[in-house]
Amino acid sequence: MKAIKSDEINKLIVRVPNWIGDAVLAIPALCSIRAHFKTAEIVFLGPESINQLLKGNGLADSFIPVPDKKEGFLGQWRLIQKLKKEVFDLAILFQNAFEAAWIVYLASVPYRFGYDREGRGLLLTHPVRIPAKHLHQMTYYLHLVSEFENICLSRRPPFLNTNEEEKNAAWKILRGEGMNPGDFMIGIHAGAAYGSAKRWETERFAELADCLIREGNVKVIFFGSSEECKVNDEIVSMMSETPVNLSGKTTLRELVALISQCSIFISNDSGPMHIASALNVPLISIFGPTDPKVTSPAGVQNTIIQKETECSPCLLRECPIDHRCMTSIPVSEVMELFHRERALLQKPLIPALFLDRDGTINEDRNYISSEKDFRLYNEAEEALLLLNQCDIPIFIVTNQSGIARGFFTEEFLLKLHQKLEEMLGRSHVKISGLYYCPHHPDEGCLCRKPGTGLIRQILRHNRIDLRKSYFVGDQTSDIELAARIGAKAVLVLTGKGNESLKIFKNSAGAPPVAHVAQNLLEAAQWIRADIRHEEMDTISERTF
């Protein structure tokens, strides 16, 4: 199979996903394509709604809508003829359907790239094997484009842009509903296009909205497509209080702009949930029959509610029994999470320091199973005291798959961490929290670095400005996680640091490293100097 050289591609077409949530989760992979094929003209092919959603991100030069199903074979034939006239060199298929490969095959696109599934392998010039393990949808798309030779994968989480015109239009709508800037607005999406099984009960959404409005100084807005008007109308009819119901009254671009103005967003597992996440709006997500390991929002300001039941995740559109995965989620729990999010929003944003453990603070001895094998680096306490002087919280974030592998128990790890806190306490070092992932790498959990799950746990109780924060570690997963959350990465050459540095030097797509330090003390000195530099810049901006 001939390798596809980026400089040989003048024009390419990308068949984007059909669903809003999938399209949002494909954005990092689409960014990777845009950066890799720098000089090529890129055209997105997809439903008009998805094309509209992605237009603001600058990832495509033009857009072609797929024909409506009502147009049938004639619509497909017209599309094929249009693609032939456009003369594409390459087609990249994010949609998995047989039809997607069939269309670009008949359109005579010479290179056809996509997953080998749905019986379409023979129609692809570059079929990609489906990953052996179940991946998060965002990673699934990144894995697809990683097959391009020398491509640099984007580490930026999904994002959506809105311009001033769209924001002004959104506020025109909001003012028409009696709202003003400064109002605490709660967006709610009670629908789910996939099926009723993904929807929390209408009675509970009605009770929740009433409780929120009675909090005082809170405006509740229901969002939804025209197909979801019936659900939202039913909810509003059950309520004692009066919310704003914009269901079916907005375009998709207006929906994006309106959600961007919300203080908090509450949603089922749905497309608008992913839109809110991509806009960095604090999000409470209600999951039932679907699997957060696969479809959770990819941002970090997200809290997921899901109850363990023997039948979930079942992935069914309609529940054949009693919908227990959703009925077991009480309104009181959602309200509790709302209060926590609201309290956090009232706190000022502060920077923080995230620290790896093994190979950064203490010697990396693979899987430590005895307390006597746990040894701090000589400079660790001095470094941490120096970092305490920076007056920012310090959180230790560590992968501990030795629990899942059977090398030690979780009880032992907790004792070890208690010992670590006692050792540091004797030197008056303050640690704000210690978070660990106990899972095996093959479990596909959300918390194992470079996954963002542990950072999400920290953000549930702390209002942190990630862009002004730091992540110090010795492994590639530490630096990768820093890139994902937008923090400054500091690589220490203790532990596996030198091996990681070699990997980065040999990789064109390595994540950015703000500083390389010999050890934690040198890292602390650099961080302290960088914080002071940032403070001086802030003072200068205020002065002039």
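Aspartate 61 counts as partly exposed, at 48% relative accessibility. Please keep in mind that the model before you is a predicted one. The side chain of aspartate 61 forms a salt bridge with that of arginine 34, with 3.3 Å from N to O. As for position, aspartate 61 sits in the loop between helix 3 (48-54) and strand 3 (62-65), while arginine 34 belongs to helix 2. The two residues are 27 apart, and the pair links distant parts of the chain.

Let me stay with helix 2 for a moment. The axis of this helix, residues 27-36, comes within 8 Å of the axis of helix 6, residues 137-145, and the two cross at roughly 20°. Angles under 35 degrees count as roughly parallel, and helix 2 and helix 6 are therefore roughly parallel to each other. Their crossing is right-handed. On the side of helix 2, the contact is made by Pro28, Ala29, Ser32 and Ile33; on the side of helix 6, by Met138, Tyr141, Leu142 and Val145. Sorted by class, this contact has 7 nonpolar residues, 1 polar residue and no charged ones.

I now return to the salt bridges, of which the count comes to 22. A further pair consists of lysine 198 and aspartate 269, whose side chains meet at 3.9 Å, N to O. Lysine 198 is placed in the loop between strand 7 (184-189) and helix 8 (202-214). Aspartate 269 is found in the loop between strand 10 (264-268) and helix 11 (271-278). This pair, too, links distant parts of the chain, 71 residues apart. Lysine 198 and aspartate 269 are both buried.

Next, I draw your attention to aspartate 478 and lysine 449, which are joined side chain to side chain by a salt bridge of 2.7 Å, N to O. Because aspartate 478 lies in helix 19 (residues 476-485) and lysine 449 in the loop between strand 15 (433-437) and helix 18 (453-459), the pair ties together parts that are 29 residues apart in sequence. Which of our terms, buried or exposed, applies to aspartate 478? Aspartate 478 is buried, with a relative accessible area of 1%. Lysine 449 also counts as buried, at 5% relative accessibility.

Finally, salt bridges can also be followed beyond a pair: Lys11, Lys82 and Glu86 are linked in a network of them.

Definitions and conventions: Residues numbered from 1 in each chain as written. Predicted model: local features only at pLDDT ≥ 70, side-chain atom pairs only at ≥ 80, totals over all residues. Heavy atoms only, no water. Axes fitted to C-alpha atoms, helices over the stretch in contact; angles between N-to-C directions. Helix = DSSP H or I, 4+ residues; strand = E, 2+ residues; numbered from the N terminus. Parallel < 35°, antiparallel > 145°, perpendicular 65-115°, else oblique. Left-handed = near helix turned anticlockwise from the far one by under 90°. Contact = heavy atoms within 4.5 Å. Nonpolar A, V, L, I, M, F, W, Y, C, P; charged D, E, K, R; others polar. Salt bridge = Lys/Arg side-chain N within 4 Å of Asp/Glu carboxyl O. Buried < 20%, exposed > 50% of the residue type's maximum accessible area, 1.4 Å probe, protein only.
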